[in-house]
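This briefing looks at charged side-chain pairs and their surroundings. Please keep the sequence and the model in view while reading.

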Amino acid sequence: MGDLFQEDSNLVIGVSDAFDTELGDIIKPTSIQGQCLTNIYQNDRIRLDQDINTALQGISGKIDKQKTRGKNKRYPIGTVATLSVGTKKYFYSAYSYMGNNLKCESDIKRLLVSLEKLWEEIRVKGQHDKVAMAVIGSDLARIGTASHADLIKLIVLSFILASREKLVTPELIIVIHPNNVGKVNMLELEDLLRSF
């Protein structure tokens, strides 16, 4: 529970397939992405875009001429741009589609694909440091009728299965916003974890 940015760990930042960074109608300032730009990049969007572009070099994207606001180059769902700021790494994980109406959409399939690719990226570039993330898919890119608890279970199960293949990180921290704590049955989650 609490503030993701207070965690002493590498962070996962859920993003759309266009890796948009412009605050306002496109990226909500209070979103995790918005807070990363404000808190970590001190509102220097040019530097953030440069870091994202560098991280995405060698990954092919497609120009969408119908997307007239924000960035119009789309990358495959599951693409991860790993940024380094100070001693921390920020894994920008594309799990949603940014519609041309500036509404993000995702679903369970996209989320699972993105998590699988995310764990691979963390294995390679995370330097075995602990990782923290918010409950991806629970806010603006809401995934169907999936509850907070459903999404946490999905993330945990995906992580456990990936970890059984090969270590991803020694510790995964899932940060739940204080406003959403009441939506999650902690005892049920503890039971789930004990079953593994």
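Is D64 buried or exposed? With a relative accessible area of 14%, D64 is buried, a term that stands for under 20% relative accessible area, with exposed meaning over 50% and partly exposed lying in between (1.4 Å probe, protein chains only). The model is predicted, so local features need pLDDT of at least 70 and side-chain atom pairs count only at pLDDT 80 or more, while totals for chains, interfaces and linings use all residues. Residues are numbered from 1 along each chain as its sequence is written, and side-chain values use heavy atoms, with hydrogens and water left out.

**Salt bridges around D64**
- Eight salt bridges are found in a search of the whole structure, each being a side-chain nitrogen of Lys or Arg within 4 Å of a carboxyl oxygen of Asp or Glu.
- In the salt bridge between R74 and D64, the closest N and O atoms are 2.9 Å apart.
- R74 lies in strand β3 and D64 in the loop between β2 and β3, so the pair ties together parts that are 10 residues apart in sequence; helices (H or I, at least four residues) and strands (E, at least two) are DSSP runs numbered from the N terminus.
- Salt bridges with shared partners join D17, D64 and R74 into one network.
- R74 is buried, its relative accessible area being 11%.

**Salt bridges around D49**
- D49 counts as buried at 16% relative accessibility.
- The side chains of D49 and K71 meet in a salt bridge (2.8 Å, N to O), and this pair links distant parts of the chain, 22 residues apart.
- R45 and D49 also form a salt bridge (4.0 Å, N to O), and both lie in helix α2 (residues 45-55), four residues apart.
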